[in-house]
Amino acid sequence: MKTSVLHKLIDANADKRAVALVTNLDDNTQVLIYRQALTDRNQLELAVTDAFRRDRSQVVEIDGRRQFIQVYNSPLRLMIVGAVHIARPLIEMGQSCGYDVTLIDPRQAFASTTRFPAVNLCNEWPDKALKNLGLDARTAVVTLTHDPKLDEPALIAALESDVFYIGALGSRRTHRERCDRLVEAGITVDQINRIHAPIGLDIGAQSPAEIAVSVIAELTQTLRQGSLQ
Amino acid sequence: MNEDQKISNELSIAAQWLKDNHNVAIATVISTWGSSPRPVGSQLVVNDQRLFEGSVSGGCVETAVIEEAMDVMNSGEPRILEYGVSNDQAWEVGLACGGQIQVYVEPLTVG
């Protein structure tokens, strides 16, 4: 790998741009292909498009030449709404799993750098914050506040996007009431069904850290196995 | 931010080593068969002090890959390595899980 290629890969990651490094395994030449520049004009580009879509690096054979397509997808992101107790272990575990984590809470007393020193903090209103941050299919949104006026704008913004996971903390009863309000706000039942609530896999979690484990587990399941469950 | 959890952590470390005037090689899993501990695309970077970051298996073949990487740094020629279970050698440079992997090892070259 040339140093110029290395630096372009690092820059693409910093700019959240998806890029593939294609190595010809016969003559060791390498080219970078950016996802946004793909036109599917030849077999190689079609293979790269497929690799991006499946988020899977692979060797392909094109015109008798073996080419290794290494996918560097844009980073996974986790948006947490609510700088509450559970946010702390969730931030740590999310970061350990490779997520770029952002904590959103307009209540500055909650979302302060003293309470949360090691995360991107955003004090804007959740729906505005999420729109500014740009939601995409590599992003997960989790609401934790229990406060409809904070959680629900965030959920609506998430439902209007193609984020891969939406989860809302709260009991079954809280969620039923939430669903009623979302329907009133014009959200369809199909859309509402994208929300994982009560949030997390049912593992009997009690402490904040255990709840974070169940949330991260459900997130991982959705990311890796799609909506099989 | 917790920078060291990013996808390209290994590459960032490679860039830092380069800045510190080290020779660097990059090892990447390019294919797997059967059960294997790390997926295709997993990377390990090594410098000329044998410091390494990342992994291409669950620790099964890293030592061997690092030695090959030292050769690659010296020769400047990329190579493809293959590891599987080879009974006698299993403890040395095989995969205990019964899988097979191919690893592409390349030098980082100025240009």
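In this predicted model, V45(B) stands opposite E53(B) of strand β3(B). V45(B) belongs to one covered side of strand β2(B), together with Q43(B) and N47(B). Local features require pLDDT of at least 70, side-chain atom pairs count only at pLDDT 80 or more, and totals for chains, interfaces and linings use all residues.

**Pairing of the strands in chain B**
- β2(B) and β3(B) (residues 52-54) pair in the antiparallel sense over 3 bridges; two strands pair if DSSP finds at least two bridges between them.
- Strands are DSSP runs (E, at least two residues) numbered from the N terminus.
- The hairpin of β2(B) and β3(B) has 4 residues between the strands, and R50(B) there takes a positive phi near 65 degrees.
- Strand β1 (residues 24-33) of chain B also pairs with β2(B) in the antiparallel sense, over 5 bridges.
- A25(B) has V46(B) in β2(B) as its bridge partner.

**Burial of β2(B)**
- Because 5 of the 5 residues of β2(B) (residues 43-47) are buried, the strand is largely enclosed by the rest of the structure.
- Buried means under 20% relative accessible area, exposed over 50%, and partly exposed in between (1.4 Å probe, protein chains only).
- In a regular strand the side chains alternate between the two faces of the sheet.

**Chain A**
- V213(A) lies in helix α8 (residues 208-225); helices are DSSP runs of H or I, at least four residues.
- V213(A) is partly exposed, with a relative accessible area of 40%.

Residues are numbered from 1 along each chain as its sequence is written, and chains are lettered from A in the order in which they are written.

Notes:
Side-chain values use heavy atoms; hydrogens and water are left out.
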